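Please look through the sequence and the structure shown below, and keep both in view while reading the report that follows.

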Amino acid sequence: MSAPPELPDVVRRAFEVSRRAGYVSFCRNETGRLLATLAATREGTMAEFGTGCGVGTAWLRSGVRGQDARIVTAELDPRLARAAGEIFEDDPLVEVLAADWSTLLDKGPFSLLFLDSGQPGEVGVDAIADLVADGGVVVLDDFTPCEQWPPVTYGRVDVLREQWLTDPRFTAVEVMVASDASTIIATKR
């Protein structure tokens with residue numbers, strides 16, 4: 001097997017900042033490469049809800065082409081937001097906010113929105129749909145692959161996954177990014 005492709009410089013810097021901050025919960029490289037690929041197709045405003053130390057944002061930034069796109073990202077923990085801000089302090093296309101993701105509500109609509117799977121009330125379709133531009137893409141990560149329907153996780157129906165995969169406002173697909181991880185990609189109709 002050959003070696004994996006090199007990491008983009010901005011992603012490598014984000015990993016270094018995460019290590020220094022002692023933060024180990026970040027976007028997987030498999031999901032990151034998907035984010036970079038999708039970001040390369042977008043213009044307008046992209047966003048990430050829940051920055052951590054900026055690895056996911058760095059992957060988005062690595063895919064941005066030209067000057068017609070920008071990224072806004074919000075992290076509730078001020079210490080982590082400061083760490084992420086180090087990565088992008090000289091980048092006019094990225095804005096890191098130390099704030100709850102709801103502060104980004106007036107910065108949309110978003111052409112690409114990246115968020116972790118979480119509580120259905122927070123990242124469910126109804127909470128997110130109006131934040132995404134027509135034709136915009138939502139990427140939710142941190143799912144465990146499931147081969148049955150309805151999707152079951154930890155012995156219960158995965159309501160969040162079910163919502164995103166069946167909502168008529170979006171065309172959505174679940175994509176395995178690794179043997180133990182899947183991501184939902186949903187495009188607003």
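## A partly exposed tryptophan

Trp 101 has a relative accessible area of 23%, and this residue is therefore classed as partly exposed, given that the term buried is kept for values under 20%. The values in this report are computed from a predicted model, and they should be read with that in mind.

## Aromatic pairs

Three aromatic pairs are found when the whole structure is searched. In one of them, the ring centres of Phe 49 and Trp 101 lie 4.7 Å apart while the ring planes meet at 20 degrees, so this pair counts as stacked. Whereas Trp 101 is partly exposed, Phe 49 is buried, with a relative accessible area of 7%. Phe 110 joins these two residues, and ring pairs link Phe 49, Trp 101 and Phe 110 into a cluster.

How are the rings of Trp 164 and Phe 170 arranged? Their centres are 5.0 Å apart and their planes stand at 65 degrees, so this pair is edge-to-face. Trp 164 counts as buried at 0% relative accessibility, and Phe 170 counts as buried as well, at 3%.

## The sheet

Seven strands form an open sheet with mixed pairing, and their order across the sheet is E3-E2-E1-E4-E5-E9-E8. At its edges are strand E3 (94–98) and strand E8 (170–178), each of which pairs on one side only. When direction is ignored, neighbouring strands of this sheet are turned against each other by 15 degrees on average.

In general, the strands of a sheet pair through backbone hydrogen bonds, and they may do so in a parallel or an antiparallel way. Strand E5 (residues 132–143) and strand E9 (residues 181–188) run antiparallel here, and five bridges join them. Within this part of the sheet, Val 137 stands opposite Thr 187 in E9.

## A helix packed on the sheet

Helix H7 (residues 159–166) packs on the sheet, where it touches E5, E8 and E9, and the direction of H7 makes about 130 degrees with that of E8.

Which residues of H7 are buried? They are Leu 160, Arg 161 and Trp 164. These residues cover an arc of only 95 degrees around the axis, which means that they lie on the same side of H7.

Note on methods:
Residues numbered from 1 in each chain as written. Predicted model: local features only at pLDDT ≥ 70, side-chain atom pairs only at ≥ 80, totals over all residues. Heavy atoms only, no water. Pairing = 2+ DSSP bridges. Helix = DSSP H or I, 4+ residues; strand = E, 2+ residues; numbered from the N terminus. Axes fitted to C-alpha atoms, helices over the stretch in contact; angles between N-to-C directions. Contact = heavy atoms within 4.5 Å. Phe/Tyr/Trp six-rings, centres within 6.5 Å; stacked < 30°, edge-to-face > 60°. Buried < 20%, exposed > 50% of the residue type's maximum accessible area, 1.4 Å probe, protein only. Arc of directions from axis to C-beta.
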